[in-house]
Amino acid sequence: MFTNVNFTLFTFVNLKIEYILISQTHIKEDRISGRYITLDHILPILKSYSDIFDISVIGSSEKGVDIPMVTLGSGPEKVLAWSQMHGNESTTTKAVMDLLAFVAQKEDYQNEVTDFLSKFTLYIIPILNPDGAAAYTRVNANGVDLNRDAQQLSQKESKALRAAFNIVKPDLCLNLHDQRTIYGISSKKTATVSFLAPAADKERTVNNTRTIAMKHISRMFDALDEEIPGQIGRYDDGFNINCVGDTFTNLGVPTILFEAGHFSKDYQREITRGLIFKALLVLFNISERKNKTPNSSYQSIPENDKSFCDIVLRDVLLENSSKTQNIAIQYIEVLKNEKIEFVPTILELDSKLKGHREISCEGDVIVFNNTKNLSFNENIKKAYNKTKEIELTLRIS
């Protein structure tokens with residue numbers, strides 16, 4: 001069932017997160033959590049809502065798995081949202097399931113919910129790529145990136161989304177994704193949430209369609225910036241007609257790209273989940289910030305940069321070297337026994353990147369051996385044992 005959580009924004013003791021307050025109560029669907037989210041996880045939840053929301057099937061995956069869509073509300077403004085187009089990007093799926101829980105709950109916020117349902121008809125495809133979700137891969141069962149298939153429509157999942165788009169004729173589209181931990185804002189802070197109003201042409205023209213998306217993003221930026229100042233970015237708007245957001249914007253429908261990113265120590269992305277949930281409340285004017293005119297312009301939102309990695313070992317002395325350097329380490333996400341393991345691998349030597357976790361090695365020696373693993377002296381082993389966050393043996397990527 002769902003839990004009514006009055007925030008300190010998912011304060012988990014094991015994550016040692018001690019700050020960030022979100023003023024809006026978060027209705028959390030606690031039947032799902034973590035990074036590995038599949039249709040097997042959400043179908044029982046959708047079934048429990050069958051007498052509240054309309055649950056339909058818009059098509060099937062390349063492996064023949066039905067793709068469900070949830071319809072709620074009866075308002076004149078039609079919004080089409082889809083998540084897990086990339087199967088290993090599940091944070092926004094959790095957030096839209098939280099939104100369903102928010103609407104379904106009967107105890108609080110009924111005026112806000114009633115108002116929302118009368119103004120909007122929201123169509124949610126929780127998992128567009130069920131085969132990729134089950135395998136925890138970006139691509140579908142045929143190895144195709146669905147977000148590069150908007151023109152060819154070569155895959156069943158792409159055809160299902162386009163069919164839903166043609167039937168719904170939405171006034172707004174929400175393209176919901178996760179972004180990697182490598183992204184930062186002005187090389188200073190991690191990019192926890194990012195947005196994009198996709199371009200409609202190669203000239204990146206700011207037409208009426210894009211302007212609508214930009215205004216919505218500016219409102220969400222203002223709300224989230226109060227919670228995570230300096231941690232919200234926007235993507236470069238280079239035009240690629242093969243991408244779904246660019247295609248839909250080109251067809252005259254405002255589209256917003258959501259990118260759920262990293263927050264300190266939150267590798268399960270439960271905190272970011274709450275932030276995306278809040279952004280949705282702001283978007284649909286069911287938060288305490290309803291109908292506020294944005295203070296920030298879309299263009300003033302800083303662009304993402306690739307300035308981070310998961311771990312940096314500072315001041316390491318490699319064997320047979322006379323100077324210390326920094327080693328950048330990145331986690332590879334591996335599905336094992338229906339759980340995601342984070343395997344640390346060497347990203348680059350002599351790195352200029354910042355780390356979400358930084359460890360000072362103070363000139364200790366690390367040795368490459370014949371198996372291309374790194375070995376450590378006792379001081380470094382002790383440092384690692386203190387963090388309990390990385391393995392003592394690191395595979396070369």
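Visitor: What makes strand S10 and strand S11 (residues 232–234) a pair?

Guide: Three bridges join S10 to S11, and the two strands run parallel; since strands pair if DSSP finds at least two bridges between them, these two qualify. Within this pairing, valine 193 stands opposite isoleucine 232 in S11. This is a predicted model, in which local features need pLDDT of at least 70, side-chain atom pairs count only at pLDDT 80 or more, and totals for chains, interfaces and linings use all residues. Residues are numbered from 1 along each chain as its sequence is written, and side-chain values use heavy atoms, with hydrogens and water left out.

Visitor: How do you know that S10 also pairs with strand S12 (residues 255–260)?

Guide: Four bridges join S10 to S12, and here the strands run antiparallel; in S12, leucine 257 is the bridge partner of leucine 196.

Visitor: Why is the arrangement of H6 and H8 called oblique?

Guide: The axes of helix H6 (residues 208–225) and helix H8 (residues 270–283), which are lines fitted to C-alpha atoms over the stretch in contact, with angles running from 0 to 180 degrees between N-to-C directions, come within 9 Å and cross at roughly 130°. That makes H6 oblique to H8, because angles under 35 degrees count as roughly parallel, over 145 as roughly antiparallel, 65 to 115 as roughly perpendicular and the rest as oblique.

Visitor: Which residues of H6 and H8 make the contact?

Guide: His216, Arg219, Met220, Ala223 and Leu224 of H6 meet Leu275, Lys278, Ala279, Val282 and Leu283 of H8, where contact means heavy atoms within 4.5 Å.
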